[in-house]
Amino acid sequence: MIDIHTHILPAIDDGSKNTETSVRMMEMMIEQKVDLIAATPHYYCLDATPREHREIAEAARDRFLEAWKEVHPENAELPELRIGAEIYLANSLDSVADPGCLKISGTDLMLFEMPFSGYHEWIPRLAYLVAGKAGGRPVFAHIDRYLDLYGRKVTDALEALPGVAFQFNSDSFENRGALKYMYSLIKRGYPVFWASDCHGAHHRSPDLGTSLPDLRKKIEKKFSPSVYAAVEERQYRLMGK
Ligand SMILES: [Fe+2]
């Protein structure tokens, strides 16, 4: 099980506050049988360069790994932890150098977060430009949150981007509108990812492993077990597995 969108790294964004929280979050993910995790701290282009973001994230990962070893000296086995970013689509993003540093490591995936303040036609164009500059593939984070907000006009524009993929948050797996859109993407052959977008160990905690089995049943019933398996297999392939 892949959790492609998490804020598990300690003390670098509004996610995990410290290494203790990160360790607890990781314990929960292991209990839930997540075996591949992308740490995707928020990236705002006015705060840091992509390279600085990568260095900050790697340093936070190293602090986490140290803390993990202290708490679990007997068991250093961890799910694979990749570093990436949740890249906020702000209109100055196209001027950053080295946007490739924002890809999820070992992949060409770039997780983009659209603004909630209003849709603009430059948003898909910007994602296209930045992903193109980085040789990356755009993945739109928690697309479920924008469906009511922006509607079909936006999803049509995003769907037209080459290589585009869509990510749904686990708290949308019961939402009829989100499911309808997810099914339509699957039917039309778009890559779909699932994620917890976890921010802590208590509030917005890792829950993909507890939510996904029900979604799996729904997809298997709507389509077939082989369709579910194909969606999941494609996720691993896109993660370079
Ligand atoms: Fe997030």
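A word on terms. This is a predicted model, where local features need pLDDT of at least 70 and side-chain atom pairs count only at pLDDT 80 or more, while totals for chains, interfaces and linings use all residues. Residues are numbered from 1 along each chain as its sequence is written, and side-chain values use heavy atoms, leaving out hydrogens and water. Strands (E, at least two residues) and helices (H or I, at least four) are DSSP runs numbered from the N terminus, and two strands pair if DSSP finds at least two bridges between them.

Back to the sheet: strand 2 (residues 36-39) runs parallel to strand 4, joined by 4 bridges. Ala 39, for instance, has Ile 83 of strand 4 as its bridge partner.

Next, the metal. Which protein residues are donors of the iron ion? They are His 5 (NE2), His 7 (NE2), Glu 86 (OE) and Asp 197 (OD), at 2.1 to 2.3 Å from the ion. Donors here are N, O and S atoms within 2.8 Å of the metal (3.2 Å for Na, K and Ca); water is not among the atoms, so sites may look incomplete. Along the chain, the donor spacing reads H-x1-H-x78-E-x110-D. His 5 and His 7 are both buried, meaning under 20% relative accessible area with a 1.4 Å probe, protein chains only.

Finally, helix 6 (residues 176-187), which holds Leu 179. Is Leu 179 buried or exposed? Its relative accessibility is 8%, so Leu 179 counts as buried. Leaving aside residues up to four places away in sequence, Leu 179 touches Phe 173, Leu 215 and Lys 218, where contact means heavy atoms within 4.5 Å. Asp 144 is 35 residues from Leu 179 in sequence, yet their C-alpha atoms are 8.6 Å apart.

Other buried residues of helix 6 include Tyr 181 and Ile 186. The helix's buried residues pack against several elements, among them helix 7 (208-222) and strand 9 (192-195). Thanks, and I'm happy to take questions!

Methods. Buried means under 20% relative accessible area, exposed over 50%, partly exposed in between (1.4 Å probe, protein chains only).
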